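Q: Please take a close look at one part of this model. Start with the overall layout, then move to the part itself.

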Amino acid sequence: MKKELRIRKPLDFSHVYTNGRSWVNGLLVLKALHVDNSHESRFGFTVARRTGNTVVRNTVKRRLRESVRHTLVKDGWDMIFVARQKAAVVSYQELRDAVQSILSKANLLTIDRQEKT
RNA sequence: UCGGUAGAUUGGGUGAUCGCUCCAUGCCAUAUGGGGAGGAAAGUCCGAGCUCCACUGGGCAGGGUGCUGGCUAACGGCCAGGCGGGGAAACCCGACGGAAAGUGCAACAGAAAACAAACUACCUCUAAAAAGAGGCAAAGGUGAAAUGGCGAGUUAAGAGCUCACCGCUUCAAUGGUGACAUUGAAGGCAUGGCAAACCCCACUCGGAGCAAGGCCAAAUAGGAGAACCAAGACAGCUCAGGUCGUUCUCGGGUUGGCUGCUAGAGGCUGCAAGUAAUUGUAGUCCCAGAUAAAUGAUCACUGUCUCCAUCCGGAGAUACAGAACUCGGCUUAUAUAUCUACCUUCAAC
RNA sequence: GGCUCGAUAGUUAAACGGAUAUAACAAGGGUCUUCUAAACCCUAGUUCGAGGUUCGAUUCCUCGUCGAGCUA
C-alpha cells in the first residue's frame, strides 16, 4: 500500500475517531468518515497493545493491509480498522472475509467485487 | 554404551505470482539492477563513542566498585591465577578489603549474648541436715551463635595451670610481579558474630540525552517603557565570583520538512605474538535505514520431529521473538538439530 | 526512544530485620431483635514471581513480570 493511501497523522486519526461512523464485527471495528470524492480512499490500522507482542501485532496489521489491498472500495473515504483481540488468533482467510463483510455492511464496496490484479 | 560436564554452531530450504521500502542508473505519471530483522533486534542493568550545557576556586554531601595479575576506548565485562565452598570426577559456585578506629544490633529461650559474670552441678570449710562462706568453670540444659579442639599430667575439685598434636597470632627465611603458599621459631588463648547495619580504607564518577543537536519553512510586534541584583536560573547542596536576567504595564503564535542516519573501536579468511582474553599484519567484502513504523500475502515442492497406518500414504507441529543514533558487555526468553573436548560413583558389556 | 517510581486481605492504606503481618470499609457466618439497621464476635493474605545475604526477610541485595508517571 502506497504511503499516500495510508492515514499517517495523529490529527487525521483523531478526526476520524471523533466524527466518523462505526461498524462492528467479531474480529474488527471499522471507523469511516466521508471526506471528498475526488481522491482515493485512505486507510489506517490500529492494533492495541493488549492484543499480543510486537510480532503478533505486526502480523495482524500486515494481513489487514494485504486483505484491503485485494478489495475494491469506494473513493473519498478515510477508514480506520481496529483489530479486536480475536484477530490475533485467526488465519488470513478468516480475516479477509471479516474485512469484506464489514465493508459490505457499511456499504463501502464497489458493485464489482472482483479482486484487483 | 547409559549417564554427566564444558564449549561452539544452527535457528529450515527452493521456486512462482502479487505487493512495501531504500540506494544506484537512465528518464521524469515510469523502467532496469541491487539491498532489506536478531542471537538475543528484548530488558535498559553497566561501559563507551557522538551531541549540547557547565567547565573560577573553596567546603560539605551523594553514587559506584571491592582477592591478585593482565586485556580493553571503557566497564560492574573477559582471560589467567590464588583462597574458600560443593561434587565420586570432569567441573561448578563465591558482593572474596577492614570487626585488635568508632557507634550500633542480636526477638524467644537461656545463669550469661560481649563484659564480665555463675542457674543446676563439682570441691573445701562451718554444719546432723537445711542454710551460709569460699574455690572452680570440666559436665548439664537453652539457643542460629556460649569464651580454642582432643588426649595426658597436675589437683580438695577443677581449669592452657602445664605438656604433645591440630588450630590461632606474631616474626623470619624461601618461592612467586602479586594474591598467596611452604618451612622454621616464638607467644600461650588474648582477637566471638553481623559491614547486601551505620561506617572506615583504597580506587573512581560533572550533567543530560539523537524527542541530543543543527538548518529551513510557516507564524509573529522575538518587542516597547520603568525598577532592581531582593528573589530565580546556570542540572546534588552551599559560600564567594561571574553570566543569564527578573519584576510591573501593553500585546502573540507554531507542533511541518530536511539533516543528524549509517564505512564502523566493521565483518570474513590467512599468518605472527601471547597459556588465554586480546593484539599486530596481509588480503578481501560493503552487509537494513523505517517514522501510525517497510522487510509482507498466497500457492507448490521439500527438510526435521511426533502420531496413525502392513505398505502406498495421511494428519499435526516447526521455538523465543521484530531494528529505531552506533558499538562493547551483562541478564533474561528460546522448538529442535549438529560438532568438539573431557569424566566414570552406580548399572550393563 | 529515553528517564523515574511502585506492587501487602475484595478495596484503601500501615509496618524498627524477630507478634499468629495491623486498621478501616466491603463480603460471608453468628449474637442481639418480631424483622431490618446499628452494635458486638468470628472468618479469609504463597506480603507480585525466582534466587541470594542473614540464625531469622514484608523490610536488605540481584534478576524477572506487571502497572503508573515524566520527557517533544
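Which pattern does chain A follow, read along the sequence? And which residues come nearest to RNA strand B?

A: Read along the sequence, chain A runs α-β-β-β-α-β-α. Helices (H or I, at least four residues) and strands (E, at least two) are DSSP runs, numbered from the N terminus. This is a predicted model: local features need pLDDT of at least 70, side-chain atom pairs count only at pLDDT 80 or more, and totals for chains, interfaces and linings use all residues. Residues are numbered from 1 along each chain as its sequence is written, while chains are lettered from A and ligands numbered from 1 in the order in which they are written.

Now the surface near RNA strand B. A residue is near if its C-beta atom, placed from the backbone, lies within 6 Å of the strand. There are 21 residues around RNA strand B; Phe13, Asn53, Thr54, Arg62 and Tyr92 come nearest. α1 (10-19), β3 (42-47) and α2 (54-69) each supply at least two residues of this surface. The largest share, nine residues, comes from α2. By type, the surface divides into six nonpolar residues (Ala, Val, Leu, Ile, Met, Phe, Trp, Tyr, Cys and Pro), nine charged (Asp, Glu, Lys and Arg) and six polar (the others, Gly among them).

The strands give the setting. β1 (residues 21-24) and β2 (residues 28-34) pair antiparallel over four bridges; pairing takes at least two DSSP bridges. The two form a hairpin with three residues between them. Val24 has Val29 in β2 as its bridge partner. β2 also pairs antiparallel with β4 (residues 77-83), over seven bridges. There, Lys31 stands opposite Ile80 in β4.
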